Amino acid sequence: MQVSVSVSEENAEQEPPAQQVSAFLERRREQVAQRWADAALFRTVFTVSRDEAVEAGRSVAAALAAVAAAGRLDDIRAPGFEAVRDQLGRMAASRGRMGIDTDGLADEVAALREPVTDLLRAEFPDPNAPEAQECVLALTVLMGTLRLVVLETTVSAGEEVIARQREQLHEVATPVIKLWESTVAVPLIGTLDSARSQTVMESLLDAIVAERARYAILDITGVPTVDSLVAQHLMKTVAAARLMGAECIVSGIRPAIAQTIVQLGIDLGTVLTRASLADALAYALSRQGVEIAPLRTDSAGVR
Amino acid sequence: MRASRHAAPASLPIGSDADLAWVRQQVRQAAAELGFGLVQQTKLVTAASELARNTLVHGGGGHVEITPLDSGPAPGLRLAFVDAGPGIRDLDRAMTDGYTSGGGLGLGLSGAKRLVQEFEVDTRPGEGTTVTVTAWATVVPPARPGP
Ligand SMILES: Nc1ncnc2c1ncn2[C@@H]1O[C@H](COP(=O)(O)OP(=O)(O)O)[C@@H](O)[C@H]1O
Ligand SMILES: [Mg+2]
């Protein structure tokens, strides 16, 4: 089907892509909603009835049409979003309760783009014509904005929740594990901000005393970013552990992080490091005269 | 002028530690979408973490503008960290490895510069600081036909 061509102020030959996208979303609202109802985001939130999912999809498509009509494709503050902001927030919260993190949620919203772009392409006799490409790009921008709007609802709606979760993280995510006589380890997961680092240091020092540990392993496999502040916290913790008579080993520095640390100019030369937690443990054990060797068995190579 | 008219720029606030985490996540995601490899992502996110923290700690808060650049030969990401804080009086000194006016390691500015391809500081005492960095995704060169 041919997209209608009319004269506008901005372009004498054809309607601007945003207007075309808006018209398309109005015209094909039902098809768009039907496709979205099968996408993970809608399907998993509206489990009771598919009609509900379709209905929700319709209102999102209508909102996007309004945003595009206003020519505000990349504006997360566009008034057109107001109609669905609450709904999107509830959907996001619902996914959150099911254990989907913001990355996962972002992916799910991103996955809404393909079905609707496919429909849009099909509107053009030649989907590769410049006009079609322009419209697809406009729609892509719009869908990117939708994603930001959804993610934003999780931030603003969840400020309180986040604060509470952070408190919990401080306490929960820093378990000090006794791995062996005189050997303790903390697997660090997530962001090491100042508050968290302080908790880590305190619980590690407590454990060193309680377990009379001589070796303390800080495993940073689960730390996504090591910047100069995180590095500084690590070095302080290592120094403090040393004062308590324990040798500290930092394990789990991934290759990408190692390269980044070096380029940043951080010198971890005084810190004992090992590639993995297992290597760190093996080191600590060997220093205590414990050797790990495979048992001798008669059946060779059986696992 | 390389900023693409198609890509959607985003502006994120920098006013708390939680904002820093959010900025890191968004930068990582934008870089991943543009095709940055894992090492490149890590470098850019780390630079962003340093600069955003400077905006928060030294600049008293501000925002970051994230602009995907996809009209050039390789996709890129531009990040502008903007604050209306005290500005940097002696930029040469601030850019020196190990110089800190607080209790930091003094590696944020100089280190971030090493982690990106383009680095620019616009600062005015009493008015504020804008640090703009750009990183380009490495494009694997097409295999050259044999002789
Ligand atoms: N946005 C900013 N506003 C004002 N001063 C800044 C800003 N960014 C950096 N500086 C100054 O430059 C110095 C060096 O910054 P940096 O290399 O990040 O080290 P650090 O943050 O560890 O002190 C800071 O100590 C501060 O005095
Ligand atoms: Mg700094």
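Select B:D83 together with ligand 1: a polar side-chain atom of this residue lies 2.9 Å from a nitrogen atom of the ligand, a polar contact being a pair of N or O atoms within 3.5 Å (within protein, one must be able to donate a hydrogen and the other to accept it, and residues adjacent in sequence count only if both atoms are side-chain atoms). Taken alone, ligand 1 exposes 530 Å², and the protein buries 91% of that; accessible areas come from the Shrake-Rupley method with a 1.4 Å probe.

The model is predicted: local features need pLDDT of at least 70, side-chain atom pairs count only at pLDDT 80 or more, and totals for chains, interfaces and linings use all residues. Residues are numbered from 1 along each chain, chains are lettered from A and ligands numbered from 1 in the order written, and side-chain values use heavy atoms, without hydrogens and water.

Next, display B:N54, where an N or O atom of the side chain is 2.8 Å from an oxygen atom of ligand 1. At B:G106, a backbone N or O atom lies 2.9 Å from an oxygen atom of the ligand.

Now show the whole shell of ligand 1, in which B:N54, B:H58, B:D83, B:T100 and B:S101 come nearest of 17 residues; a residue is near if one of its heavy atoms lies within 4 Å. By class, this shell has 6 nonpolar, 10 polar and 1 charged residues, with Gly counted as polar.

Move to the sheet of chain B, an open sheet of 5 strands in the order 1-2-3-5-4 with antiparallel pairing. Strands are DSSP runs of E with at least two residues, and helices are runs of H or I with at least four; two strands pair if DSSP finds at least two bridges between them. Strand 1 (10-14) and strand 4 (118-124) of chain B each have a single partner strand, so one side of each lacks a neighbour in the sheet.

Select strand 4 and strand 5 (residues 128-136) of chain B, which pair in the antiparallel sense over 7 bridges. Within this pair, B:F119 stands opposite B:V133.

Finally, turn to chain A, where 5 strands form an open sheet of mixed pairing in the order 1-2-3-4-5. Strand 2 (residues 183-189) and strand 3 (residues 215-222) of chain A pair in the parallel sense over 6 bridges, and A:V186 has A:L218 as its bridge partner.
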